[in-house]
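Take a look at the model below.

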There are 2 protein chains.
Amino acid sequence: MQRTLIVDLLNAAAPADNVALCGWIRTRRDAKEFSFVELNDGSCRANLQCIVDAGTAAQAGLGEAATGAAVRVRGALVASPGKGQRWEVRATAVEVFGLADPETFPLQKKRHSDEFLRTIAHLRPRTNKYGAAFRIRAEAGYAVHEFFRSRRFAWVHTPVLTGADCEGAGEMFRVTALEPGQTDLQRDFFGRRCNLTVSGQLEAEALAMGLGRVYSFGPTFRAENSNTPRHAAEFWMIEPEMAFADLDDLMDLGEDLTRSVVEHALAHCAEDLALFDSFVDKGLLARLKGLLAAPFARVPYAEAVEILQKSGKDFAYPVAFGTDLQTEHERYLAEEHFGKPVAVYNYPKEIKAFYMRQNDDGRTVAAVDILVPRIGELIGGSQREERLDRLTARIAELGQRPEDYWWYLDLRRFGSVPHAGFGLGFERLLMLLTGISNIRDVIPFPRTPGNLEF
Amino acid sequence: MQRTLIVDLLNAAAPADNVALCGWIRTRRDAKEFSFVELNDGSCRANLQCIVDAGTAAQAGLGEAATGAAVRVRGALVASPGKGQRWEVRATAVEVFGLADPETFPLQKKRHSDEFLRTIAHLRPRTNKYGAAFRIRAEAGYAVHEFFRSRRFAWVHTPVLTGADCEGAGEMFRVTALEPGQTDLQRDFFGRRCNLTVSGQLEAEALAMGLGRVYSFGPTFRAENSNTPRHAAEFWMIEPEMAFADLDDLMDLGEDLTRSVVEHALAHCAEDLALFDSFVDKGLLARLKGLLAAPFARVPYAEAVEILQKSGKDFAYPVAFGTDLQTEHERYLAEEHFGKPVAVYNYPKEIKAFYMRQNDDGRTVAAVDILVPRIGELIGGSQREERLDRLTARIAELGQRPEDYWWYLDLRRFGSVPHAGFGLGFERLLMLLTGISNIRDVIPFPRTPGNLEF
């Protein structure tokens, strides 16, 4: 179908006699001599105004089409006398593809609550806010790929279906081809218990031992029954893994990735970010630019604990060496104490996973969390334990069976190398970029306890 | 850790006195005055040869390290007198990170069967062939993103967890947070039956109705108990969806995407493709270049059936108007009759899905499959039925309940537009690019009936 995208028409260098554009009517206003029709086609946030002369064939074509209707307009792209728009279209023909009954179409021109819009997740991409959110999501995803490729990381696809249930990152969903009530695992698709992955890390490590630098970027799952604005049962995670790398390299990578995606969004999503800065989170743009202005802070966990203890703050959860940091602590460190993102490293081994590299002090591991204002933990990672004896001992110490990890231990048995990696929740990054405070609103069709519609 | 990637050293413009490189020893050969060590770090297929002088500290550092060991070499990058390599490294220091016991390390320098290598999927990325395959996989994935972004398609993440079980694309896995034997769905995570998606199409359509042009690119699942070289239980699918588009636009898109990824691979993966051309599928490069040389053929299904009937071929499955094409028919059309990729369109409605747009002839739908030599069907798609009455009637005709599709029908109720989309199995594309004939060998950790290891 012959048409030009509205984003390209709005960026046109010169007027044009014959253009065709398609889109959905955002608003229509009928004056005596014209109808003014604002069209949006999703290619950008801005609408293109079309002028339809009264009494013409074009106006007959337009008919009763109003907000929500899909149309094609042909006409001339001309300089607009109106304010805030460079071009408009004088219509010579209008064709209606599909109407939207004003009595029943839910997206009339008024402000809707986020809660209501979640109940019509199939229609909310047609609003300014969600159109912008999902365009930013797409650009941020591209920025992630571009960043890693420029540093010669290979995108790898780690499996979603896994036999492992020992990673410890959270509750797992079970997958089966049996009908409910059937319990004979031998007869199930894989002949054994199958779960949805909570992390592709272990497989990414295997790939990094051959390809050198890899990252996975795919969906990840948690069966945790928590109804919070920060948790979803299905979300996308970015997990780089680097051979021949230590904790310093990892902190550099996490910082560089975060900055790179923010830079990309500022450069390529200015119009959409401006919406969030104006209507959702005033000060967003200043905060994003601030994040680029200075290096992230870096502080050992032990020192972070001291800072929190001396803060004079009345935290809901007390903090002492050996306790995990809560979101309130993370936000205090990033927002109030450092006033910028901060990497906290060298955590007590008891509160971290078995695969993290043991430090020489005997009580900490080479783990790092990167905390950012408003979000708390954005990135969590570590240098991995590459020493076979230490890793085997730690697995046994935690009451697990080393033979269940045979292939993971093989990576330490044959050509083991210092290596490191982290996980970054993509939705957290999007909440940072947009100021959206509920994870349900950065995912097109969010999955949370009891919510599986669409 | 200070180091330079081997790919960058091999592309160096000038010699350098002090370089450090890390990698795994591919081969080691000890002569009287030197040890020759070929190092690979996964950044490219080629090794970099390091010369370690006998009797030096460097040789002492190297010790007994042999094939599979991980080391860091420091030294000078100098012009190589050897054939086929521009640079080599004269080592001044060697540090061993991890040895690989020659008695137990499975990847000694000999050819291994693909079947054997699948049993050590955690180690096979260290071989030339699988390193190349997974680098090509990464580049092809990037090429997909680059292609769509250049045409202003937004990458969207459609849900993996779905309540729909009606899409009809294949058998679905069930997902639950209940323990085996518990059957009370009310008490399950979502309070209803949950499946793993077989296609993100329906959700992508909703997003295209707001964003205009979108594509999903994520994992997809089939619980079909079929042990063939072409089927896996988990694979990645690319599903673009375009508003304001018809079947011709869709055929253009499918052809352009295929050509674009092939072009990208030829430009960016020459060294890795050469391996497959030499050792896996002689003639691969000629075939890929041939694919770019001429436009794809396009033929209506009815005409394709006639061609097959007149072919004089003794097919295992007879063909007549109304039968689905089998791989043998698809390959005959692409390989023998047309000698290039061919788009077959306008299929009988009875053998295609309910959402495909009904043609005016009353017996066909605006569906298209793109068939390629050696693979058969690479792409399957259609213009979607955008007319509410036709779509509702078709759903009822097939014995399903239109109310189960309430939100999908809403897309036709409010601002419906002509639109079209397809699905492309990413692994099929990789088999086309590499000549690898078993899907298990283009996926890092493949999932097939009974296989869930790693």
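Residues here are called buried under 20% relative accessible area, exposed over 50%, and partly exposed in between (1.4 Å probe, protein chains only). This is a predicted model, so local features need pLDDT of at least 70 and side-chain atom pairs count only at pLDDT 80 or more, while totals for chains, interfaces and linings use all residues. Side-chain values use heavy atoms, without hydrogens and water; residues are numbered from 1 along each chain as its sequence is written, and chains are lettered from A in the order in which they are written.

Start with the interface. The size of an interface is often given as the accessible area lost when the parts come together. Buried area is that loss (1.4 Å probe), summed over both parts. Between chain A and chain B it is about 9,500 Å². Carbon and sulfur atoms give 65% of this area. In chain A, Phe244(A), Phe414(A) and Leu452(A) lose the most area to chain B, together 9% of what that side buries. Contact (heavy atoms within 4.5 Å) takes in 112 residues from chain A and 112 residues from chain B.

Charged pairs also cross between the chains. A salt bridge puts a side-chain nitrogen of Lys or Arg within 4 Å of a carboxyl oxygen of Asp or Glu. Chain A and chain B share 8 salt bridges. In one of them, Arg193(B) pairs with Glu179(A), with the closest N and O atoms 3.5 Å apart.

Now look within the chains. Over all chains, the whole structure has 60 salt bridges. Helices are DSSP runs (H or I, at least four residues), numbered from the N terminus. In chain A, Arg394(A) and Glu397(A) form a salt bridge at 2.6 Å, N to O. They sit 3 residues apart in helix α11 (residues 388-397) of chain A, so about one helical turn separates them. Arg394(A) is buried at 9%, whereas Glu397(A) is exposed at 53%.

Glu427(B) and Arg137(B) meet at 2.9 Å, N to O. Glu427(B) lies in helix α13 (residues 426-434) and Arg137(B) in helix α4 (residues 128-150), so this pair ties together parts 290 residues apart in sequence. Glu427(B) is buried, at 2%. Arg137(B) is buried, at 2%.

Glu335(B) and Arg331(B) form a salt bridge at 2.7 Å. They are 4 residues apart in helix α10 (residues 327-337) of chain B. Glu335(B) is partly exposed at 30%, and Arg331(B) is partly exposed at 32%.

Technical notes. Buried area is the accessible area (1.4 Å probe) that two parts lose on being put together, summed over both. Helices (H or I, at least four residues) and strands (E, at least two) are DSSP runs, numbered from the N terminus.
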